[in-house]
Amino acid sequence: MKLLKIISTNVLLLAGMATYAQTTQSSGSFNEAGFGVKAGLNYSTVTKGDFDEGPDARTSFYVGAIAEIPLIDDSFSIQPEVIYSRQGFERDYSFLGNNYTAEYQLDYINVPILAKLYIVKGFSIEAGPQFGFKINEKIDLDNNDGNAGEELDEVNDFDMSLAAGLTFQFDGGLFINGRYNHSFNEVIKDTDAKNSVFQVGLGFKF
């Protein structure tokens, strides 16, 4: 319930910002003010840090809401977002002669605030800070006999990162987005490892 309340509050805030921007924007611009939704795939891991070897990637998903607030017609906007993002990594290990895989599940509410520059109509590049708030941390072993996974407390609650990517928007509101996020701060305590996440997905702007 708490998670749902946080997401709902932030989505309503984004919608309000987009509505206000629509009332103040000049008509005919192709960086139109609006509110949208997006979803796609995460390919995430953490950097090597103090580990002997770099962990393998975890593949999962993200889903969220965006708002576009134009500042300069046809060229520049600010794009805040609220994203539920399932991240983490995998590590192989051996025990009593058997090989296993451990999946570290790190789920965040990410709030990127992006500067969005339009190169041509429909095509833009974006970059800016992203503020991540950890909401779940578990380890799932492939030999856990169907258990839900063991809860951990080895990851810092807050993640500050840089987000950068590309977007192509079609007429009608559908868009394709690719992005890379990289942490500034240590993610796993006492390891110097940082989040490293590639994202690709689809969205729709109303």
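Throughout this tour, a residue is called buried when its relative accessible area is under 20% and exposed when that value is over 50%. The model is a predicted one, and it holds eleven salt bridges.

Begin by selecting Asp107 and Arg58, whose side chains meet in a salt bridge at 3.7 Å, N to O. Asp107 belongs to strand β4 (residues 98–120) and Arg58 to strand β2 (residues 56–72), so this pair ties together parts that are 49 residues apart in sequence. Both Asp107 and Arg58 are buried.

Next, select Glu81 and Arg179, where the side chains form a salt bridge at 2.9 Å, N to O. Because Glu81 sits in strand β3 (residues 76–95) and Arg179 in strand β8 (residues 174–183), the pair ties together parts that are 98 residues apart in sequence. Glu81 has a relative accessible area of 0% and is buried, and Arg179, with a relative accessible area of 4%, is buried because that value falls under 20%.

Finally, turn to Lys134 and Asp157, whose side chains meet in a salt bridge at 3.2 Å, N to O. Lys134 lies in strand β5 (residues 123–141), while Asp157 lies in the loop between β6 (150–151) and β7 (158–169), so the pair ties together parts that are 23 residues apart in sequence.

Terms used:
Residues are numbered from 1 along each chain as its sequence is written. This is a predicted model: local features need pLDDT of at least 70, side-chain atom pairs count only at pLDDT 80 or more; totals for chains, interfaces and linings use all residues. Side-chain values use heavy atoms; hydrogens and water are left out. A salt bridge is a side-chain nitrogen of Lys or Arg within 4 Å of a carboxyl oxygen of Asp or Glu. Helices (H or I, at least four residues) and strands (E, at least two) are DSSP runs, numbered from the N terminus. Buried means under 20% relative accessible area, exposed over 50%, partly exposed in between (1.4 Å probe, protein chains only).
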